[in-house]
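Please look through the sequence and the model below before reading on.

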Amino acid sequence: MSEYIYVLGMDGRPQMPTRRKRHIDRLLSTGKAKVVEYVPFTVQLLYENHPVLQPVILAEDPGRTNIGVAAVSQKGELLFSAVVETRNKEITKFMEKRRKARQRLAKRCHTMIKAGQVMRKLPMFGEEKYITCRYIRNTESRFYNRRRKDGWLTPSAEQLVRTHINLVHRIQGFLPVTDVALEVNRFAFMQLEDPYITGVDFQNGPLKGYDDRKAAVYDQQDGQCLLCNKKPIEHYHHIVPVAKRGSDTLANIAGLCCRCHEKVHKDAGAARRLQNKKQGLTKKYGALSVLNQAIPFICKRLEEEFGEHVHYCSGRDTSRLRQSFGFHKTKDEPLHEVDAWCIGVLSLREIPEKCPDFTKVYQIKQFRRQNRRRINHQTERRYYLDGKLVAVNRKKRMGQTGRKDNQTKDSLADWFTKMVHLYREKEAEHLRSRLTVKKSQHSYNDLKREMPGAEFIYENQRYILSGQLTNGKYYRAVGSTQNFPAAKCRIRRHNRGLVFVS
Ligand SMILES: [Zn+2]
Ligand SMILES: [Zn+2]
């Protein structure tokens with residue numbers, strides 16, 4: 001079977017994909033269609049037609065570093081299949097970098113204190129607890145705008161939500177998507193203090209038939225008492241009593257047998273043991289993991305766009321279906337594309353007997369879209385003596401090296417010590433008083449410099465730019481060790497964030 005060719009109408013709207021390669025070739029050769037994209041191969045018709053659209057279900061197997069995607073027709077045919085590699089883990093690194101910069105600032109301003117000295121009162125397990133906070137002195141927030149907005153997510157979770165939504169939009173560019181199917185971890189919703197606050201009725205969505213928190217606890221503990229691990233669950237116990245402001249969330253409920261329940265209420269040691277066990281369990285289910293944090297928000301945004309056409313299934317359903325088709329997950333073969341197809345098929349009325357052979361799985365890679373050099377530019381100060389640049393920044397920025405255009409890597413402090421060495425201190429001070437300071441000017445992206453993720457053609461082959469060498473004289477490509485002379489390369493498309501690598 002040949003690959004699908006994706007078709008856009010004259011108005012640019014996607015139509016049903018086709019496998020009629022010869023027909024498309026004829027259209028292309030007679031000028032009735034043009035190629036708009038090579039990977040995935042997409043053509044645009046240049047004449048008016050009346051397309052017949054059928055439902056197309058786009059299924060996502062959500063993940064942090066890898067997302068599986070599949071587009072499924074009503075009959076269960078695989079119209080499109082891909083695996084996406086996100087750059088979500090990079091976000092954590094950048095946040096770490098920012099924290100370190102703040103630490104340096106705190107050190108310079110003498111607001112730094114020794115580790116483990118600050119205790120902050122934070123809500124944990126429905127109770128306020130003291131937690132040791134390190135590194136930076138905790139001052140009272142001074143402005144109202146220090147408060148985080150409702151629905152605030154950590155940067156990495158926010159990025160993950162956007163990636164999932166952008167992915168759907170990207171695929172909508174060449175496929176007429178009508179429905180979305182998603183695998184959700186129901187525990188993710190139980191972690192929300194109150195699923196209703198997000199404004200979407202999750203009870204009719206991912207939590208359908210699952211609205212009892214006790215059922216979730218039962219599932220988590222496999223029906224066994226949490227303390228003794230032998231007897232079946234008979235009672236449900238609030239670890240922090242409701243009377244003491246304990247919450248009614250999954251994290252605060254434990255299933256116990258009759259005897260253990262009695263013990264927990266009498267014996268403080270047993271209560272502590274139970275709390276530890278519950279903490280371990282909560283951790284195991286990734287209560288605070290980035291993906292679980294993001295999933296309710298992904299669902300919310302998809303429901304805003306697709307309304308009732310969002311379908312959910314659980315990981316258990318997916319793995320059962322996958323195994324029934326004879327696929328087994330291993331570490332080397334995570335089978336995200338198979339999972340995605342299963343998720344899509346689960347939303348159909350009938351499950352097809354045969355499964356596709358997954359001959360073509362597109363690889364999508366996410367690239368950063370913002371040039372970090374611009375951030376460094378904005379905070380830079382330049383010092384000139386008689387019109388000649390002598391120093392950059394009062395103190396050296398991390399990683400400050402002389403570039404071709406400014407010839408100096410000295411900071412003002414470095415330059416001053418040099419001057420003191422050369423002349424006397426008084427003379428140096430006099431020189432310093434004559435310096436003129438220039439704020440760095442607002443700079444725009446150098447459009448000639450291509451960002452990684454761009455698509456370029458070299459000797460009729462398509463490559464994805466991964467980096468540049470010797471001031472942009474050579475290009476490097478994803479999945480290749482060759483250096484491509486930039487003069488012989490033609491850029492076809494700039495970086496679009498989510499890029500089809502192959
Ligand atoms: Zn027990
Ligand atoms: Zn109890």
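C260 is buried, with a relative accessible area of 6%, where buried means under 20%, exposed over 50% and partly exposed in between, using a 1.4 Å probe and protein chains only. This is a predicted model, in which local features need pLDDT of at least 70 and side-chain atom pairs count only at pLDDT 80 or more, while totals for chains, interfaces and linings use all residues. Residues are numbered from 1 along each chain as its sequence is written, chains are lettered from A and ligands numbered from 1 in the order in which they are written, and side-chain values use heavy atoms, with hydrogens and water left out.

**The zinc site**

- The zinc ion (ligand 1) is coordinated by the SG atoms of C225, C228, C257 and C260 at 2.2 to 2.4 Å, donors being N, O and S atoms within 2.8 Å of the metal (3.2 Å for Na, K and Ca).
- Along the chain, the donors of the zinc ion (ligand 1) follow the spacing C-x2-C-x28-C-x2-C.
- C228 counts as partly exposed, at 25% relative accessibility.

**Salt bridges**

- The whole structure holds 14 salt bridges, each being a side-chain nitrogen of Lys or Arg within 4 Å of a carboxyl oxygen of Asp or Glu.
- D339 and R322 meet through their side chains in a salt bridge of 2.6 Å, N to O.
- D339 lies in helix α10 (residues 336-346) and R322 in helix α9 (residues 315-324), so this pair ties together parts that are 17 residues apart in sequence.
- Both partners are buried, D339 with a relative accessible area of 3% and R322 with one of 6%.
- E158 forms a salt bridge with R162, whose closest N and O atoms are 3.0 Å apart, and the two residues are separated by about one helical turn because they stand four residues apart in helix α3 (residues 155-172).
- E158 is buried, with a relative accessible area of 18%, whereas R162 is partly exposed, with a relative accessible area of 48%.
- A network of salt bridges links E37, R493 and R496.
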